Amino acid sequence: MHKSLSRALMPLLGAGLLSGTALASDAEAPEVYGWVEKTLIDPSWGVEVKAKLDSGALTSSMQAENIEEFERDGEDWVRFEVEVEDEESGEIVSHEFERQLYRDLTVVGAGGRDHRPVVLMTICMGDERFEEQFSLEDRSDMNYPVLLGRRTIQSLGHLDVTETFLQSPSCDDDSTLHRHADKEYEDKIGV
């Protein structure tokens with residue numbers, strides 16, 4: 001009888017240990033994002049838009065119009081307008097931003113060469129804020145006003161290309177901020 005009890009309890013004990021291991025690893029697992037998520041552009045503005053997570057792009061891109069480069073205190077700056085549909089209210093909203101020019105980007109594609117300014121912007125994904133590089137371009141004729149490239153995706157967690165809207169943006173001023181200056185890229189990302 002002792003042998004049969006032992007045979008019956010061993011699988012249960014093993015299952016209990018495995019489930020405990022799974023629970024411990026779930027707590028440490030990175031967030032999973034779908035290929036389309038909602039994000040807040042500049043969380044203090046609070047406008048929710050759809051973002052496409054695009055592993056084919058290196059640099060993230062954001063809807064911007066009336067892009068004007070200017071100089072401030074000897075530094076290059078960019079003034080631009082973001083006009084998007086707020087996913088929460090359905091209203092078309094716009095806001096003018098001014099950011100220091102981070103770098104210039106040359107994109108070569110089927111349409112030829114395109115030069116774009118790149119600035120640092122903060123977005124909210126899930127309950128965390130991410131300061132990331134965004135090239136500025138008129139994306140008004142595209143489905144997604146924000147495209148998140150590999151540099152940003154690397155910071156977020158894992159990408160599940162079979163899912164959408166796995167996370168809801170819920171940031172406030174106390175939410176964790178991942179600063180661009182603190183970021184380290186994986187060698188294989190294609191920097």
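**Charged pairs, a disulfide and paired strands**

User: Does Arg116 count as buried or exposed?
Analyst: Arg116 has a relative accessibility of 14%. This is a predicted model, in which local features need pLDDT of at least 70 and side-chain atom pairs count only at pLDDT 80 or more, while totals for chains, interfaces and linings use all residues. Residues are numbered from 1 along each chain as its sequence is written, and side-chain values use heavy atoms, leaving out hydrogens and water. Because the classes are buried under 20% relative accessible area, exposed over 50% and partly exposed in between (1.4 Å probe, protein chains only), Arg116 counts as buried.

User: Which residue forms a salt bridge with Arg116?
Analyst: A salt bridge here is a side-chain nitrogen of Lys or Arg within 4 Å of a carboxyl oxygen of Asp or Glu. The closest N and O atoms of this pair are 3.0 Å apart. The partner is partly exposed at 34% relative accessibility, and its name is Asp114.

User: How many residues apart in sequence are Lys183 and Glu132?
Analyst: Their side chains meet in a salt bridge at 2.7 Å, N to O. Both ends are buried, Lys183 at 17% and Glu132 at 2%. Lys183 sits in the segment after E12 and Glu132 in strand E9 (residues 128-137), so the bridge ties together parts of the sequence whose separation in residues is 51.

User: Which residues are linked with Arg72 in a network of salt bridges?
Analyst: One link is the salt bridge of Arg72 with Glu98, at 2.4 Å from N to O. Arg72 lies in strand E5 (residues 65-72) and Glu98 in strand E7 (residues 92-109), so this pair ties together parts 26 residues apart. Arg72 is partly exposed at 29%, as is Glu98 at 26%. The network links Arg72 with Glu68, Arg79 and Glu98.

User: How many bridges join E6 to E7?
Analyst: Strands (E, at least two residues) and helices (H or I, at least four) are DSSP runs numbered from the N terminus, and two strands pair if DSSP finds at least two bridges between them. E6 and E7 run antiparallel and form a hairpin with six residues between them, where Gly90 in the turn has a positive phi of about 80 degrees. Glu85 stands opposite Ile92 in E7. The number of bridges joining E6 to E7 is nine.

User: Which residue takes a positive phi in the hairpin of E5 and E6?
Analyst: E5 is joined to E6 (residues 75-85) by six bridges, and the two run antiparallel. Arg72 has Glu75 as its bridge partner in E6. The hairpin has two residues between the strands, and the one with a positive phi near 50 degrees is Asp73.

User: Which residue is joined to Cys124 by a disulfide?
Analyst: A disulfide is a pair of cysteine sulfur atoms within 2.5 Å, and a search of the whole structure finds one. The S to S distance is 2.1 Å, and the link is right-handed, with 85 degrees about the S-S bond. It connects distant parts of the chain, 47 residues apart, with Cys124 in strand E8 (residues 112-125) and the partner in the loop between E11 and E12. Cys124 is buried at 0%, and the residue at the other end is Cys171.

User: Which side chain makes a polar contact with the side chain of Ser60?
Analyst: Ser60, in strand E4 (residues 60-63), is buried at 1% relative accessibility. A polar contact is a pair of N or O atoms within 3.5 Å; within protein, one must be able to donate a hydrogen and the other to accept it, and residues adjacent in sequence count only if both atoms are side-chain atoms. At 2.7 Å, the side chain that partners Ser60 is that of Thr152.
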